[in-house]
Amino acid sequence: KKIILSFLLLLTSSLFSGLPVNVGETAKVSRTGKIVLVSFDGSGDLSMWRDTLDFANKNKVKLTYFISAPYFVQKSELKDHPYWAEQEIGPSPIHFREDTDTHKKHIGYRFEYMNRAVEEGHEIASHLGGHYCNTYRLTYDQWVKEIDFFNWAIGRGFDLNKITGIRAPCLAVNEQYFYAISDKGYKYDSSLTSRHIQKWDN
């Protein structure tokens, strides 16, 4: 674990200092410009919200939470907004919530944590409607439908204008995905691996 962490820190330092990365060698970088990116997918567990926000406040760090819609939707609500993907793609490892008072309360708590996170300077981003790992087969229209479902689920308790980033489930993307998220107004994607390093203006 120490070796992996050291390599990631070396890679990150080099990316933002303009120096090449040579595995096995120590890169000479300045103490400025080092960035460690920390994000969480799904963001369903209430104790995770509490612990990470408290940790961030204590250590003065900022986090990004990629939100998955099933943590915010009870099964009975799907009647009002039929969700096509479960039939067309297959089962998701993240399930919609059961129709119990406890799950309903937990959904409310998650929205409270999301709004608290933004108030404390953290970022909320989209991890889309389900968590289907073969979304790389989706058409443009299906990607749009995924995004629309996420917006319906999350927009009931959170300001969607505050969401500018997105990450595809299982990082499973295709060309149509990028057209769809661009048309839907997302500013950046976090699905691509280090083989496809992106540059941001800000």
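Lys60 counts as exposed, with a relative accessibility of 73%; here exposed means over 50% relative accessible area, buried under 20% and partly exposed in between, using a 1.4 Å probe and protein chains only. The model is a predicted one, in which local features need pLDDT of at least 70, side-chain atom pairs count only at pLDDT 80 or more, and totals for chains, interfaces and linings use all residues. Residues are numbered from 1 along each chain as its sequence is written, and side-chain values use heavy atoms, with hydrogens and water left out.

Lys60 sits in the loop between α2 and β2. Helices (H or I, at least four residues) and strands (E, at least two) are DSSP runs, numbered from the N terminus. Although Lys60 is not a glycine, its phi is positive, at about 55 degrees. Most residues other than glycine have a negative phi. Leu128 is another residue other than glycine with a positive phi, near 75 degrees. Leu128 belongs to the loop between β3 and α5, and it is buried, with a relative accessible area of 0%.

## Helix α4 and its two sides

Let's turn to α4. This helix covers residues 101-119, and at 1.5 Å a residue its 19 residues should span 27 Å, which agrees with the 27 Å between its end C-alpha atoms. The expected span is 1.5 Å times one less than the number of residues.

Ile107, Arg110, Phe111, Tyr113, Met114 and Ala117 are buried in α4. They cover an arc of only 160 degrees around the axis, so they lie on the same side of α4; the arc is that of the directions from the helix axis to the C-beta atoms. The cover over the buried residues of α4 includes α2, β2 (64-67), β3 and α5, where contact means heavy atoms within 4.5 Å. On the other side of α4, the exposed residues are Asp101, Lys104, Lys105, Glu112 and Glu119. Just after α4 comes Gly121, with a positive phi of about 95 degrees.

## Strands β2 and β3

β2 and β3 run parallel and are joined by four bridges; two strands pair if DSSP finds at least two bridges between them. Tyr65 has Ile124 in β3 as its bridge partner.

In a regular strand the side chains alternate between the two faces of the sheet. From β2, Thr64 and Phe66 point one way, while Tyr65 and Ile67 point the other way, and all are buried.

## Thr52 in helix α2

Helix α2 (residues 46-59) contains Thr52. Thr52 is buried, with a relative accessible area of 12%. A polar atom of the Thr52 side chain lies 3.3 Å from the backbone oxygen of Trp49. A polar contact is a pair of N or O atoms within 3.5 Å; within protein, one must be able to donate a hydrogen and the other to accept it, and residues adjacent in sequence count only if both atoms are side-chain atoms.

Asn134 is in the loop between β3 (123-126) and α5 (140-154), and at 21% relative accessibility it counts as partly exposed. Asn134 and Ala172 are 38 residues apart in sequence, with 6.3 Å between their C-alpha atoms.

Val173 belongs to the loop between β4 (165-166) and α6 (175-183). The C-alpha atoms of Val173 and Leu138 are 8.5 Å apart, with 35 residues separating them along the chain. Apart from neighbours within four places in sequence, Val173 is in contact with Tyr136, Trp143, Ala168, Phe178, Ser191 and Leu192.
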